[in-house]
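Please read them with the sequence and the model side by side.

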Amino acid sequence: MGLKMLCRKSSVLYACQQHVTVAASSFPGSFMCIDRVTSRIFMNIKHFSSYNGNPLHSKLPIVHHKDYVCYLPPNHRFPMQKFTKVLNFLLKDGVITANQVSEPDLPSKETVTCIHSKTYIDKFFDGGTDTKEQRVTGFKWSEGLVRRCRLETGGTILAADIALSRGLACSTAGGTHHAFPDYGSGFCLLNDLAVAAKQMILQKKAQKVLIIDLDVHQGDGTAFIFQNDPCVFTLSVHNGKNFPLTKQQSDLDVSLEDKIEDKEYLRVVKDHVPWVLDTFRPDLVLYDAGVDPHIDDDLGRLSLTDQGLFARDFWVLDYIASKGYPCAAVIGGGYSRNLDALAVRHTILHRAATKVWQERRL
């Protein structure tokens with residue numbers, strides 16, 4: 001393991017940035033195809049994460065909107081329909097009930113310009129982005145695309161707001177961490193994590209926000225946005241050889257080599273999250289639970305299994321709850337042509353969160 005320390009944000013207690021590279025474990029693991037074992041894996045998870053008769057007000061808050069999706073051309077690389085399927089699987093499996101779900105409002109231009117430039121937002125909202133700019137994002141502009149991106153950002157804002165009062169909340173979308181102040185990139189047009197963090201601070205609901213980003217891709221936009229902001233700490237655990245080619249400097253970057261498996265990955269997470277929490281002591285945690293570290297992900301280079309993702313999400317959420325910090329979680333990235341398998345994979349977050357909610361009696 002290589003370790004490099006650089007000073008950063010001197011006004012923060014620890015005032016340092018680490019770049020950590022972790023090699024793949026030499027111990028072979030067994031990989032399970034979600035198509036073959038979905039029912040068996042989630043039958044067990046459903047046992048401890050389904051509705052258990054508690055009053056509705058004591059159940060895990062879920063944030064969703066039917067317009068988290070918009071039209072895309074056939075065979076588009078981005079799995080847009082997964083957002084609807086995530087909610088449907090949660091309802092079908094009895095993990096949640098419809099009464100747990102809250103809908104976000106559309107955030108205004110003024111809301112998102114706390115992070116993004118007015119010039120960019122005017123162009124994006126009003127259809128003024130050119131072909132080159134659209135190509136970088138991966139999407140052709142449409143009114144529906146603008147609406148879904150605004151609602152997705154609104155969902156993360158709402159989840160953060162709810163978490164501050166109830167301890168934990170999960171959206172069925174979010175994690176658009178490649179969006180920069182002046183442009184979109186990598187399927188990300190509005191940086192929902194950055195906007196939510198900044199809004200909680202501007203509204204004086206939080207003074208310090210920690211963003212834990214476990215998507216397989218570095219949260220480069222988020223890192224750039226908060227590079228000189230002592231009120232927001234960015235932690236990114238990602239594959240070092242994956243997109244983006246040019247990395248930004250998070251407050252703590254942990255760069256993983258290819259093919260990292262469950263046990264090694266979780267060890268790395270456990271090595272870093274407690275130190276950040278204990279040192280930064282945030283008022284709110286935003287957790288990006290991307291499933292693209294999965295071995296079957298089309299754009300990932302790591303080797304986590306379904307069980308590995310569940311262990312990761314449960315440990316992160318449970319540790320945060322054990323320390324008394326409120327947490328809002330988003331689903332992050334995940335890519336597969338098999339939309340059902342992908343959607344079920346994303347529900348691992350909500351299943352783990354439900355278990356934490358019930359066991360911690362939040």
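1. Helices (H or I, at least four residues) and strands (E, at least two) are taken here as DSSP runs, numbered from the N terminus. In helix α10, Trp-315 and Tyr-319 lie four residues apart, which is about one turn of the helix. This is a predicted model, in which local features need pLDDT of at least 70 and side-chain atom pairs count only at pLDDT 80 or more, while totals for chains, interfaces and linings use all residues. Residues are numbered from 1 along each chain as its sequence is written, and side-chain values use heavy atoms, with hydrogens and water left out.

2. On aromatic pairs, the rule is that rings of Phe, Tyr and Trp (its six-membered ring) pair if their centres lie within 6.5 Å, with planes under 30 degrees apart counted as stacked, over 60 as edge-to-face and the rest as tilted. The count by this rule is 14 aromatic pairs. Phe-310 and Phe-314 are stacked, because their ring centres are 6.3 Å apart and their planes are at 5 degrees. Trp-315 and Tyr-319 also form a stacked pair, with centres 5.0 Å apart and planes at 20 degrees.

3. Helix α10 covers residues 306–322, and Phe-310 and Phe-314, being four residues apart in this helix, are separated by about one helical turn. Both Phe-310 and Phe-314 are buried (under 20% relative accessible area, with exposed over 50% and partly exposed in between, using a 1.4 Å probe and protein chains only). Trp-315 and Tyr-319 are buried as well.

4. A charge is said to sit over a ring if NZ of Lys or CZ of Arg is within 6 Å of the ring centre and within 35 degrees of the ring normal. The charged end of Lys-355 sits over the ring of Phe-314, 3.9 Å from its centre. Lys-82 has its charged end over the ring of Tyr-335, 5.6 Å from the centre, and Tyr-335 belongs to a cluster linked by ring pairs that also includes Tyr-68, Phe-78, Phe-83, Phe-139 and Phe-187.

5. His-178 lies in the loop between β5 (168–171) and α7 (192–202), and this residue is buried, with a relative accessible area of 4%. Leaving aside neighbours within four places in sequence, His-178 is in contact (heavy atoms within 4.5 Å) with residues including Ser-185, Cys-188, His-217, Asp-220 and Phe-243.

6. Helix α7 is largely enclosed by the rest of the structure, because nine of its eleven residues are buried.
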